Amino acid sequence: MCGIVGYVGTQQAAPLLIEGLGRLEHRGYDSAGVAVLGTRMQVVKKAGRVQDLVEALPKRISGRLGVGHTRWATHGPASDVNAHPHTDAAGTVAVVHNGIIDNAAALRQRLVAAEVELVSDTDTEVIAHLVAASAADTLEGKIVDALTQVEGTYGLAVVHADFPDRIVAARNGSPLLIGVGEKEMYLASDLAALVRHTTTVAHLDDGELATITATGFTTFRQDLTRTATAAAAVEIDPSAYEYGGEEAGEGPRMYWEILEQPASIERTLRGRLDERFGTAHLGGLNLDPRELRAIRRVKILGCGSAYYVGQMGAGLVEELARVPADAEPASEFRYRNPIIEPDTLYVAVSQSGETIDTLLAVEEIKRKGGRVIGLVNVVGSAIARACDGGIYLHAGPEIAVASTKALTTMYVGFALLALQLGRVRDLSVADGKRLVAALQALPAQIEEIVKREGELTEVAGTLAEATSMFFVGRVRGYPVAREGAQKLKEITYRHAEAYQTSELKHGPLALISEEVPTVAIVPDDELTERNVAALHEIAARGGPLVVVTHPEVDLGDVRAARIDVPKSEAELDPILLTIPLQLLAYHAAATLGLDVDKPRNLAKSVTVE
Ligand code: F6R
C-alpha cells in the first residue's frame, strides 16, 4: 500500500527517490510521484508503474532534497492528478501522505468556500493548502497548524520552497522511519526503501513529528516540545531485501519465498526448543509460568491469511494446552465492542506489523486493560511495539504480496506458544518431546515436498483452466483449505471457495460439476474415513478432484490427482499440507502468465481501514 521516501543530503535526490520507490513497489500501488526541491520545486507524478514515472521525468530535475510516493487509490481513481505529491496552488508546498484523512470532505468544503481551487479528488491535497495558508513563521509551525485541523491517520512528509534545507514529517497511525547517513538523511515508510543506504534508523511514534536536514534530525510533539527519539542500528542483512538477488536467483519473489521456508522455519525455531524438558522457551512473552497458568482463554486476531493461520494456531492451543482458543478477523473485532477479559491472552498476528485493522484491535484491547502479545515478522513495527511482548518470527523480509514463508513461520510460532502453554499445564513431557522432535523435522520435510514440485505443475495447469473451484478440509484441515483458496484467488484471479468438507452436502454440493474442481485436504487422522466418503460424493457428481494427503491414506477407487506430503505429528500436519497449496497457486498463476508478485488490486501492507 502507499509508500513514502525522502532524501536530504549532498547527492542528487531524484535518482535516490526513484530507487527507493522501486524498493516499495512490492507493497502494491497504482501511481507514483516525486517532488524535488532545488532552485525551484519540481513535481512529477504519473498513474502506473515507477517505470512510467521515470519515463516522465524531465532530463534536468535537480535538487538535493525531495520526497517520493507510491499511491494506492482511496479517494479518487488512479490518475496523474490524484497521484502524490500534492501541492498548493503556487507549487510552494509539496506533501506525500499515507493513511486517510477522515474529515477531508469537510476540509475540502471549507477550502472551496475560501476560493481555493482543488485540483484532485484526494484527501491529501487539503494538507498542502492548509500548510500553505498557515501564518506560522516556521515550517514546523505551519504543519502543526494544518494537523490540528486534520482528523484521521497519516504518515506524511512535507517540503516547502521557503525552507529548502528540511523535510518535516509527521506520524499518526502510519509508519515512518528516518535513516541516518553520512551528511545525508533518508525518510521512508518501510525499511526496505532504506537498507541499501543505511541500517541506522529511528522510528517515529504516533503523535510525533520530525525535522530532517542533511546533518541530523529532531523529533517533537504537536505542542512543539522535543521528544527523545534516537536512531539505533537494526540487525538485518540488506541483501535479503534484494529483489531476485543473489540468494533468490531470477524469477518471481513468491517462488523463492516458498523455497526459503525450511530456512525461515529453522530461524523461527532457533534457540527456542528445549529437548530435555519437551518444551519451548519464548523469553519475549514477558510472562512467567504462574502468569501462563492463569490464562483461561486465548483469542487470536489477524487479517486475511494471518487470520487463517490464527485459526490453525487456535487449534494448536486447544489441542496442546487444552485452553479454549479461537481466532477472529481483526478487521471485525473492534466494531462489535468486544468484551476484554483479564484472564484471556490476546495474540495479534501479522507479517508486516503494520496492518491497521490489527493495530487498532491491539489498541482497543489495551485501552480496555487486556494483555496482548504479538506474533510479528517485522522487527520494530507498529504492532510489535504496541504489544506487551511477543514472538518475532524471523522469516526474513517477505517481498511478494501473497504471503507464504511468513505464514508458515506464524504457524511455528503458534506451535511454540501452544507447547509452552501446554507444558505449564497438563501436556506430558513425553508429548512435549514428541512435538519438539516433530518441529525439528519440519524443515527437511518441507524440502521433500518442494523437491517433488514437478508433479504439481501439471495439476496446477488443470486448476488454472477452471474459473471456479472449491477447497475443502475438516477441523485441522479447514483453515488449510481456507489458506489454499486464498492463495489461489489472490494470484490467479480464479474464484476459489473454502468449505468444511462436512458442510458440502448442506448446500455447495449443488455446484459440483465437471467444470468445478475440488482440492480436498485429507490427512491421515481420525477423520480420514469420513473425508474419503465425501470424496466419493464429489466424484459421483463428476467433480474433478485434487487430494492433498498422506502416503498412508487409501483413497480406494476415487479418481483423483493425488499429492502426498510427509506425515508429521497430527497436530502439526496442517503446515505440511499447506506447502503444496502454495505451489499449486504459484504454478497456476505462472501458467496463466500473470504477475505473481504484484497481484491486481492488492497491497502488501494494508495500512488503511
Ligand atoms: C495473503 C496476504 C494477506 C495478509 C493480510 C495480513 O497472501 O498476504 O491476506 O496475510 O493482509 O497482513 P499482515 O500479516 O502483514 O498483517
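## Pockets, cavities and rings

Helix H9 gives the most to the lining of the second largest pocket, with 4 residues. Please keep in mind that this is a predicted model.

- At least two lining residues come from each of helix H9 (305-321), strand S19 (344-350), helix H11 (356-367), helix H13 (405-423) and helix H16 (477-492).
- By class, the lining of the second largest pocket has 14 nonpolar, 10 polar and 4 charged residues.

**Enclosed cavities**
- You will find 3 cavities of 30 Å³ or more in the structure.
- The largest cavity has about 70 Å³ of space, and its lining includes Cys2, Arg71, Trp72, His75, His84, His97 and Asp123.
- That lining divides into 2 nonpolar, 8 polar and 2 charged residues.
- The second largest cavity has about 60 Å³ of space. Strand S1 (3-8), helix H1 (13-24) and strand S10 (185-188) are the elements that give two or more residues to its lining.
- Among the residues lining the second largest cavity are Val5, Tyr7, Leu16, Leu17, Tyr186, Leu187 and His197.
- The lining of the second largest cavity has 9 nonpolar residues, 3 polar ones and no charged ones.

**Aromatic rings**
- The count of aromatic pairs is 5. Tyr255 and Trp256 form an edge-to-face pair, with 5.5 Å centre to centre and 75 degrees between the planes.
- This pair counts as edge-to-face because its 75 degrees is over the cut-off of 60.
- Tyr255 is buried, with a relative accessible area of 16%, whereas Trp256 counts as partly exposed at 25%.
- Elsewhere, Arg600 lies over the face of Tyr493, 3.9 Å from the ring centre.

- Is Ala128 buried or exposed? Ala128 is buried, because its relative accessible area is 0%, and the cut-off for buried is under 20%.
- Ala128 sits in helix H4 (residues 125-133).
- Not counting residues up to four places away in sequence, Ala128 touches His86, Thr87, Asp88, Val93 and Val95.
- Thr10 is 118 residues from Ala128 in sequence and 26 Å from Ala128 in space, C-alpha to C-alpha.

Technical notes:
Residues numbered from 1 in each chain as written. Predicted model: local features only at pLDDT ≥ 70, side-chain atom pairs only at ≥ 80, totals over all residues. Heavy atoms only, no water. Buried < 20%, exposed > 50% of the residue type's maximum accessible area, 1.4 Å probe, protein only. Contact = heavy atoms within 4.5 Å. Phe/Tyr/Trp six-rings, centres within 6.5 Å; stacked < 30°, edge-to-face > 60°. Lys NZ or Arg CZ within 6 Å of the ring centre and 35° of its normal. Nonpolar A, V, L, I, M, F, W, Y, C, P; charged D, E, K, R; others polar. 1 Å grid on protein atoms, 1.4 Å probe; cavity = no way out; pocket = protein on both sides within 12 Å on 5 of 7 lines; lining within 4 Å. Points joined across faces, edges and corners; volume = space filled by probe spheres on them.
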